[in-house]
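Please examine the structure shown below. The paragraphs after it lead through selected features.

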Amino acid sequence: MKNSTNKWKTSTIVVACLLAVVTTFYALGVGWKTESTQEKVSPDTALSLWTDNAKAKDKLVAYMNAITEEGGADFIPVENRIAVFDLDGTLFCETDPNYFDYTLLVYRVLEDENYKDKASDFEKETAQKIVTLNETGKAAKGLEVDHGKAVASAFKGMTVGEFNSYIQEFKKLPMPSYDGMKRGDGFYKPMLQIVEYLQANDFTVYIVSGTDRFIVRGILDNSPLNIPNRQIIGSDETLVAPDQGDTDGLSYVYDDDDKLVLGGDFIIKNLKMNKVTVIAQEIGVQPVLSFGNSTGDSSMAEYVTSNNPYKSLAFMLCCDDLERENGNQEKADKMFGLCEEFDWVPISMKNDWTTIYGDGVTKKNPQK
């Protein structure tokens with residue numbers, strides 16, 4: 001009888017402990033809950049680098065209040081809070097004097113002492129087209145795809161880790177147009193606040209860029225932007241095993257001595273309509289927020305805001321700051337017009353932000 005009593009007491013204690021653990025997990029919001037358990041974030045604190053009269057900020061805050069109100073008409077479940085961001089010109093400096101990945105290719109092919117004598121004629125011609133674009137503002141036909149092909153071939157044979165290390169070294173070079181900033185430092189600080197504000201409200205944030213996927217990963221590596229690699233989408237090139245040769249992936253078997261290297265072949269430029277299809281393929285859920293800056297992001301913006309079962313918005317940055325940034329008033333005016341036409345929310349870099357790159361960064365030749 002004594003043993004039975006002890007067993008009953010032991011069982012009771014075990015059950016009580018399990019109930020305590022389950023209760024604790026539930027209270028902490030760990031485990032099975034899918035709705036938000038985070039406290040409301042003050043937008044005044046979260047978006048402190050935005051001016052008081054920034055209409056884009058007001059629209060985003062009003063949107064967030066609406067979609068996070070449980071039981072409200074516009075409430076969006078956590079699993080459907082998906083935001084997509086372009087990179088260049090939306091989160092990161094786009095022109096100094098050109099895209100990060102364009103300047104990376106020019107450096108690799110025309111300046112890198114360890115490679116420039118090995119570069120192919122096609123790589124040199126493509127790099128020179130970028131130099132001409134920088135000097136004249138006129139892009140050669142087909143340059144976007146040629147650039148993707150040249151990047152793929154110029155870094156062929158590198159492991160993903162070696163490619164990333166190369167990008168990290170390139171990021172240490174100074175920006176030509178700015179004092180106090182290196183290649184890897186060109187993040188728009190007010191936009192970093194937007195990403196953090198969304199994440200604090202249970203959004204999953206994806207980067208959907210026209211830049212090579214591995215280059216985007218390299219830019220974001222060791223950066224203030226906290227986006228995991230699985231949420232980075234970009235233009236793509238092939239990966240192969242070093243000994244694979246021309247053997248198709250359906251026939252070649254990866255073994256324990258293998259490692260992945262860049263295969264040298266370009267696959268797709270992730271711009272315009274391609275952004276829509278890749279979102280559907282890789283995310284599989286229609287996002288509810290889109291952030292871009294150019295017509296290359298138009299299809300993405302329209303996809304997010306068209307026939308969406310949830311309340312959705314598309315924001316577009318307008319490069320109208322000529323004093324603190326390499327802005328372009330003509331392009332900015334065009335985007336302001338498109339925002340009015342398509343009901344996108346414009347963001348004025350000049351009027352909506354108290355800073356762009358931080359107090360320690362200044363443009364060398366600002367236009368008034």
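Contact here means heavy atoms within 4.5 Å. By that criterion, and not counting residues up to four places away in sequence, Val-361 touches Tyr-178, Asp-179, Gly-180 and Met-181. Val-361 lies in the loop between strand S8 (345-348) and strand S9 (362-363); strands are DSSP runs (E, at least two residues), helices likewise (H or I, at least four), numbered from the N terminus. Although Val-361 and Gly-180 are 181 residues apart along the chain, their C-alpha atoms are separated by 4.8 Å. Val-361 is buried, with a relative accessible area of 17% (buried means under 20%, with a 1.4 Å probe and protein chains only).

This is a predicted model, in which local features need pLDDT of at least 70, side-chain atom pairs count only at pLDDT 80 or more, and totals for chains, interfaces and linings use all residues. Residues are numbered from 1 along each chain as its sequence is written, and side-chain values use heavy atoms, with hydrogens and water left out.

Helix H4 (residues 100-111) and helix H5 (residues 121-136) pack at an angle of about 130°, their axes 9 Å apart.

The protein chain averages a pLDDT of 91, and 89% of the residues score at least 70; pLDDT is the predictor's confidence in each residue, from 0 to 100.

Terms used
Axes are lines fitted to C-alpha atoms, for helices over the stretch in contact, and angles run from 0 to 180 degrees between N-to-C directions. Buried means under 20% relative accessible area, exposed over 50%, partly exposed in between (1.4 Å probe, protein chains only).
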